[in-house]
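Have the sequence and the 3D view open side by side before you read on. We'll take a walk through the chain, stopping at a few places along the way.

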Amino acid sequence: MTEEILKMMADYDFAEVLPIDPAMIHITEEVRAACAKNDCGSYGKNYMCPPSVGSLEHYRQVISAFNRGILFSQVHIFSDRKEYRRYNEIALGFKKMTEKLHRALVKAVPGAKVFSAGYCSICKVCGILEDVPCRFPEEAMPSLEAAGIDVVQLTKDTGFTYNHGPKSMTIIGLVLYREG
């Protein structure tokens with residue numbers, strides 16, 4: 001199954017794709033606490049962000065249910081300082097690509113779980129702000145950080161490239177699935 005998923009992922013503009021063992025994933029309170037700083041402005045304003053996204057224990061259980069994973073990334077190299085203004089646009093492009101991958105994976109690999117980067121952006125206005133349930137619970141994806149996944153440690157442990165040098169931005173996602 002890993003080969004089939006990797007072939008599927010080859011259709012996307014990912015800089016790096018690496019199969020991993022989910023047992024290498026560390027979930028920490030420190031990562032989750034960084035979300036509470038609310039740098040992105042979505043803390044408490046999105047079902048896929050803390051505190052609504054679920055407990056760290058929930059994500060420990062979710063991850064332990066899988067025996068295979070694939071890290072993937074997109075890298076953008078900025079040509080000058082002005083281009084940094086495109087950060088949100090670039091991040092949204094990654095989210096949209098990950099949403100497309102997620103839709104394809106759930107059809108091909110029942111039970112697969114995809115983690116994206118940043119807040120869920122499927123709806124223009126998240127239902128949490130209108131006091132209604134999530135409109136697309138099967139499509140909504142938490143970020144690795146919202147789940148408490150220590151991305152920096154995971155990339156160190158797996159040899160996945162986290163930093164592509166000055167003037168670069170690396171955005172990372174994760175696919176989890178069962179094989180065998």
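A bit of housekeeping comes before the tour. This is a predicted model, in which local features need pLDDT of at least 70 and side-chain atom pairs count only at pLDDT 80 or more, while totals for chains, interfaces and linings use all residues. Residues are numbered from 1 along each chain as its sequence is written, and side-chain values use heavy atoms, with hydrogens and water left out.

Let's begin with a pair of helices. Two packed helices are described by the angle between their axes and the distance between the axes. Helices here are DSSP runs of H or I with at least four residues, strands are runs of E with at least two, and both are numbered from the N terminus. Find helix H1 (residues 2-9) and helix H4 (residues 87-108): their axes come within 11 Å and cross at roughly 150°. The axes are lines fitted to C-alpha atoms over the stretch in contact, and angles run from 0 to 180 degrees between N-to-C directions. H1 and H4 are therefore roughly antiparallel to each other; angles over 145 degrees get that label, under 35 is roughly parallel, 65 to 115 is roughly perpendicular, and the rest are oblique. The crossing of H1 and H4 is right-handed, meaning that the near helix is turned clockwise from the far one by less than a right angle.

Which residues of H1 and H4 make the contact? From H1 come Ile5, Met8 and Met9, and from H4 come Leu101, Ala104, Leu105 and Ala108. Contact means heavy atoms within 4.5 Å. The residues of this contact divide into seven nonpolar, no polar and no charged.

Now over to the strands. Ser73 lies in strand S2 (residues 68-77). Is Ser73 buried or exposed? Ser73 is buried, with a relative accessible area of 0%; buried means under 20%, exposed over 50%, and partly exposed in between, using a 1.4 Å probe and protein chains only. Not counting residues up to four places away in sequence, Ser73 touches Asp13, Phe14, Ala15, Glu16, Phe94, Phe160, Thr170, Ile171 and Ile172. Ser73 and Tyr162 are 89 residues apart in sequence, with 8.8 Å between their C-alpha atoms.

Another serine, Ser168, sits in strand S4 (residues 168-177). A polar atom of the Ser168 side chain lies 2.5 Å from the backbone oxygen of Gly165. Leaving aside neighbours within four places in sequence, Ser168 is in contact with His76, Ile77, Phe78, Tyr84 and Asn163.

On to the loop between helix H2 (29-36) and helix H3 (56-64), where you'll find Pro51. The peptide bond from Pro50 to Pro51 is cis, with omega near 0°. Met48 is in the loop between H2 and H3, and at 15% relative accessibility Met48 counts as buried. Its contacts beyond four places in sequence include Val53, Cys120, Ala140 and Pro142. Met48 and Pro142 are 94 residues apart in sequence, yet 4.8 Å apart in space, C-alpha to C-alpha.

Asn38 also belongs to the loop between H2 and H3. Asn38 has a positive phi of about 60° although it is not a glycine, and it is partly exposed at 27% relative accessible area. Most residues other than glycine have a negative phi, and most peptide bonds are trans.

The last stop is the loop between strand S3 (113-115) and helix H5 (151-158), which holds Asp131. Phi of Asp131 is near 55°, again positive in a residue other than glycine, and Asp131 is exposed at 73% relative accessible area. Pro133 lies in the loop between S3 and H5 and counts as exposed at 64%.

Gly127, in the loop between S3 and H5, counts as buried at 2% relative accessibility. Beyond neighbours within four places, Gly127 is in contact with Tyr47, Val132 and Arg135.

Notes: Nonpolar A, V, L, I, M, F, W, Y, C, P; charged D, E, K, R; others polar. Polar contact = N/O pair within 3.5 Å; in protein donor to acceptor, adjacent residues only side chain to side chain.
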